[in-house]
Amino acid sequence: CPALWKTWSPNLAFGLHAVQRRVALRGAALLRVGGRMVYSTCSLNPIEDEAVIVELIRRSGGAMELVDVSDVVPLRYTTGLSTWPVMDQEGVFHSEAPMESSPSSGGPPQGKASRRVRPWFFPPSPETAAGLSLHRCLRVYPHHQDTGGFFLAVLRKTRDLPPGARSRRLAAEAAAEGKGAQEAGMSIGKA
């Protein structure tokens, strides 16, 4: 969509991550134990894709797990990412989440950039990524079969979510992220 490129910025993914994470958590909360949930986006940005899956599994206390559907998907695809850089609103790529450290090229965002770039946008450690089975996510690229690009993950609920999976803290965090997304020019509903 050519019009999208005129208004695109990294801030769009930041706001969409928050919305998609909340929707996925709500879906997980409504799902019966043993049920499956499909998470799919028309984006190939890992902040909207794998980062949301990582947060969903983390915030569900491991009650959600990725399902291997490689044998039933009749599409050409690549597996999910386990590493990715994060671009801040200034267009600078970072390989580390914001934390207390000295500024360095490609390191954690500093100053204004660190206020929008959240730690959960970044990939998990290699050990954690392996345990999450992110390779079970599917990335369909437009040139593979003359389609639009999209991301797909199937998750199974293995047990009830922990009581705090949708706590006041998460609701307050969602409200703060929604405000940030509105500042970036997005319209986002309340959590």
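Residues are numbered from 1 along each chain as its sequence is written, and side-chain values use heavy atoms, with hydrogens and water left out. Because the model is predicted, local features need pLDDT of at least 70 and side-chain atom pairs count only at pLDDT 80 or more, while totals for chains, interfaces and linings use all residues.

The structure holds two aromatic pairs, where rings of Phe, Tyr and Trp (its six-membered ring) pair if their centres lie within 6.5 Å, and planes under 30 degrees apart count as stacked, over 60 as edge-to-face and the rest as tilted. Phe-14 and Phe-121 make up a stacked pair, with 4.9 Å centre to centre and 20° between the planes. Phe-14 belongs to helix α2 (residues 10-30), whereas Phe-121 sits in the loop between α4 (112-116) and α5 (126-132), so that the pair links distant parts of the chain, 107 residues apart. Helices (H or I, at least four residues) and strands (E, at least two) are DSSP runs, numbered from the N terminus. Phe-14 is buried at 3%, and Phe-121 is buried at 2%.

Tyr-39 and Phe-151 form an edge-to-face pair, with 6.2 Å centre to centre and 70° between the planes. Tyr-39 lies in strand β1 (residues 36-41) and Phe-151 in strand β7 (residues 150-157), so this pair ties together parts that are 112 residues apart in sequence. Tyr-39 is buried, with 7% relative accessibility, and Phe-151 is buried, with 0%.

Turning to the cysteines, the structure holds zero disulfides (a disulfide being a pair of cysteine sulfur atoms within 2.5 Å). Cys-42 is exposed, with a relative accessible area of 74%, whereas Cys-137 is buried at 0%.

Finally, Arg-139 is found in strand β6 (residues 138-140) and is buried, with a relative accessible area of 2%. A polar atom of the Arg-139 side chain lies 3.1 Å from the backbone oxygen of Leu-44. Not counting residues up to four places away in sequence, Arg-139 touches residues including Leu-44, Asp-49, Glu-50, Tyr-77 and Phe-151, with contact meaning heavy atoms within 4.5 Å. Phe-151, one of these neighbours, is also the edge-to-face partner of Tyr-39.

Methods:
Buried < 20%, exposed > 50% of the residue type's maximum accessible area, 1.4 Å probe, protein only. Polar contact = N/O pair within 3.5 Å; in protein donor to acceptor, adjacent residues only side chain to side chain.
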